[in-house]
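The sequence and coordinates come first.

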Amino acid sequence: MSNVSRRNFFKALTSGVLGISLAKNLQPSLKDTGAAQSGSSPIKIQKYNALGKTGIKVPDVSCGAISFFEPNVLRYAYELGVTYFDTAEGYMRTKSETFIGQALKDVRDKITIATKHPYSPRMKITKENIIKRMDASLKRMQTDYVDIAMIHQANDLAILENEEIQAAYSQMKKEGKIRFTGFSTHDPTLTMKQALENDFAQVILFIYNHMEGKEIEPLIEKVRQKGIGTVVMKVFAGGKQGNLKSLISQEVSYPQAAIRWVMSNPNIDCCIPTMSSYSHVEEYVAASGKPLSRADLKMIAAYQCQANNQYCRVSCQDCLSSCPDSVAVNDVLRYKMYYEDYKMEREAMRYYAELEESTKPLNCSNCSGYCEKVCPFGLKVKSKLVHAHEILSG
Ligand code: SF4
Ligand code: SF4
């Protein structure tokens, strides 16, 4: 479709022009039709970058499919030029993969899909089981192959070097089920160094934003020089929906400024903000291809001022060793962020329920708050954890 607006998109959808099924769950919702229903000007991806040396071109602003309310949001992103979709077996209890299949099956050869599977030292990892899980993902996505298969949250070397995982991915590559391999990580310092030493990672998904990741910039440059594709998550540094009310500006939105800040690093191939709604798609795609401006920097400075002692840096672990109870502080506060800022209440509660009981903040109220004393950013960690437990445990 040329000249895409949300109104045109809905028209095309209901008339069948897009060639996708109008099954009940693909009907456009009227809930989220806002400004563009009245016919806003078309928005399109303006810039595509090489994804490392994979030969794939990806839009600078790509789609994180961690949480969304209807599959047509993904289709709308595609119609605006988004061709890279990041999903995972665990997103929305496998529904994210299912929705990708439903919304994008007929344009499979025009898009790039990255999906992820987690492995932990606590599970029994076998080659057969890994292949079975990938087959199930392919079935859900209604495709014979995935472009990028990632180990989800590879934060320790034992997983990255696990022989069963290596053998399974290597076999699936030979069979044509996966094109490229890689991992997502919350510990980029450790894992990027490892990626430089072996050839498993062809694409890496990691945390980088204007509030965290400065120290890994030399590593990002090295992995990019090696030809590894660089994809960035957590672009908004915790600022999604819940805490931006005081940052309204006529000139620029905070998410757009944060996207442009990330993409101003020439070693980043694309970023994957979560596109949960039609409004998100339009707002984020509108940031494509534009250089970081003075107004963006002003907006970012205002956000930093507000969030500096509020945002628990996802890749930070500075307070973990100070806790006598081994509380998984950064994980718990990340789930709190999903709950409050991303408005992913159910997903956040599910992640929290899956956390090992011994690492939950059950005794924080009676503790003198050792974690708080060492947090370099001055977060009121103890009260945040107590509150996190309250909301996440339901
Ligand atoms: S308040 Fe105490 S128990 Fe809770 S995370 Fe901090 S150090 Fe650990
Ligand atoms: S609470 Fe502070 S020290 Fe602990 S992980 Fe978060 S940012 Fe790092």
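E215 counts as exposed because it has 10 C-beta neighbours inside 10 Å; a residue is exposed if 12 or fewer other C-beta atoms lie within 10 Å of its own, buried if 20 or more do, and partly exposed in between, with C-beta atoms placed from the backbone. E215 sits in the loop between strand 8 (203–207) and helix 8 (217–225). Its C-alpha atom is separated by 8.7 Å from that of T189, 26 residues apart along the chain. Helices (H or I, at least four residues) and strands (E, at least two) are DSSP runs, numbered from the N terminus.

This is a predicted model, in which local features need pLDDT of at least 70, side-chain atom pairs count only at pLDDT 80 or more, and totals for chains, interfaces and linings use all residues. Residues are numbered from 1 along each chain as its sequence is written, while chains are lettered from A and ligands numbered from 1 in the order in which they are written.

The protein chain has 15 helices and ten strands. Of its 394 residues, 47% are buried. Two residues are in contact if their C-beta atoms, placed from the backbone, lie within 7 Å. Among contacts between residues at least 6 apart in sequence, 76% join residues at least 24 apart.

Eight strands form an open sheet in the order 3-4-5-6-7-8-9-10, with parallel pairing; two strands pair if DSSP finds at least two bridges between them. Strand 3 (63–64) and strand 10 (270–271) are at the edges with a single partner strand each, so one side of each has no neighbour in the sheet. Strand 4 (residues 84–86) and strand 5 (residues 112–118) run parallel and are joined by three bridges. D86 has A114 in strand 5 as its bridge partner.

Two helices are set side by side below. The expected span is 1.5 Å times one less than the number of residues.

| Helix | End-to-end C-alpha distance | Expected span | Buried residues |
|---|---|---|---|
| Helix 11 (residues 294–307) | 20 Å | 20 Å | D296, M299, I300, Y303 |

The buried residues of helix 11 fall within an arc of 100° seen down its axis, so they line one face of the helix; the arc is that of the directions from the helix axis to the C-beta atoms. The face turned away from the buried side of helix 11 carries the exposed residues R294, A301 and C305. Helix 9 (254–263) is among what covers the buried residues of helix 11.

After helix 15 comes G394, with a positive phi near 75°.

Around ligand 1 there are 15 residues, of which C323, V327, C364, C367 and C371 come nearest; a residue is near a molecule if its C-beta atom, placed from the backbone, lies within 6 Å of it.
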